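Subject: Structure handover

Hello,

Here is the structure for you to take over. My notes follow below it.

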Amino acid sequence: MSTHEAKKTQRTVKLGSTGPEVFPLGLGCMGMSGMYGATDDAESIRTIQTAIDRGVTLIDTGDFYGMGHNEMLVGRAIAGRRDRVQLSVKFGALRGPDGTWGGNDTRPVAVRNFIAYSLKRLGVEYIDIYRPARLDPNVPIEDTIGAIAELVKAGYVRHIGLSEVGVETIRRAHRVHPIVDLQIEYSLASRSPEAEIFPTLTELGLSATLYGVFSRGLLTGSKPTGPGDFRAHLPRFSGSNREKNEDSVGALQRFAQERRMTPGQLAVAWVLARQPAFVPVVGAKTVAQLEDSLGALEHPLSKEDLTALEALVKISGERYDPSQMKHLDSERH
């Protein structure tokens with residue numbers, strides 16, 4: 001089947017009751033700005049453009065990825081292709097010139113400042129989905145969403161999204177302005193949203209864009225490349241958890257081989273099968289990684305496959321260290 005034919009027959013997923021129709025997989029660009037080791041800008045641009053040519057419409061970035069580098073990279077890649085993509089942009093995380101993190105700022109005045117710079121770096125006149133990256137404990141979510149709603153009225157934003165927030169925050173935000181989706185980590189290794197968050201989204205008519213489907217490379221057998229790779233400091237990649245998880249990853253790899261799939265395809269296919277109304281966002285840094293992920297669309301999993309796989313794979317360790325976990329509104333119960 002040609003790429004053109006694939007586009008015509010491929011289903012789309014609607015983001016919430018008021019959001020856009022998007023391709024069933026999104027492309028997450030964070031890894032193109034050094035979070036997981038060395039990157040190549042030329043290959044990153046090829047990857048984004050190949051994704052667009054293959055029908056991918058949702059491109060996800062953050063203004064703090066590489067302190068603006070990622071937005072400028074995405075801007076270069078989508079030049080001349082703007083009408084074929086929906087841009088999802090996170091804002092609010094503060095960085096220092098040495099790359100350190102300085103908390104979050106989602107005050108209305110900061111929202112207007114952040115988007116002004118994002119529009120310039122991306123080279124666009126509007127952003128399709130704009131969302132605070134994390135809940136700012138010092139600012140009521142109503143104030144932040146209200147400020148973005150003003151940007152919607154002014155034409156700078158088309159839709160509003162959320163990221164890593166819990167049920168109460170979702171409800172409060174949605175009362176101010178329609179929310180189209182929640183971006184949240186979800187994978188075979190991270191299933192906590194199933195308990196309360198996903199049912200709330202369904203109740204309210206909201207969607208989800210699901211990142212971390214490879215559990216930062218854990219499920220595909222990837223390992224931290226050095227101290228500069230922030231995964232080296234995550235619980236699942238260190239200590240006794242690392243050894244236990246290597247056994248589970250080995251079982252996953254064998255399961256994939258039996259079905260003539262790669263581990264990456266299996267991880268994506270699991271999310272597609274478990275949450276068919278939501279959109280996995282795959283973090284690909286290269287064309288080869290992108291093509292591998294897209295292959296998951298050709299290998300749907302059965303209910304029996306899901307049951308067997310989930311019995312095999314048991315991941316140890318939280319997704320972040322305790323200090324980071326306590327700041328996640330999505331993990332408060």
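E185 has Y211 as its bridge partner in β11. The model is predicted, with local features needing pLDDT of at least 70 and side-chain atom pairs counting only at pLDDT 80 or more, while totals for chains, interfaces and linings use all residues. Residues are numbered from 1 along each chain as its sequence is written, and side-chain values use heavy atoms, leaving out hydrogens and water.

Strand β10 (residues 179–185) and strand β11 (residues 207–211) pair in the parallel sense over five bridges; two strands pair if DSSP finds at least two bridges between them. Helices (H or I, at least four residues) and strands (E, at least two) are DSSP runs, numbered from the N terminus. Together with helix α7 (residues 197–204), β10 and β11 make a right-handed β-α-β unit. Right-handed means that, with the strands pointing away from the viewer, the path from the first strand over the helix to the second runs clockwise.

β10 also pairs with strand β9 (residues 157–163), in the parallel sense over four bridges, and S163 stands opposite Q183 there. Seven of the seven residues of β10 are buried (under 20% relative accessible area; exposed is over 50%, partly exposed in between; 1.4 Å probe, protein chains only).

Strand β4 (residues 58–62) is largely enclosed by the rest of the structure, because five of its five residues are buried. L58, D60 and G62 lie on one side, I59 and T61 on the other. β4 pairs in the parallel sense with strand β5 (residues 86–91) over five bridges, where I59 stands opposite L87.

Regards
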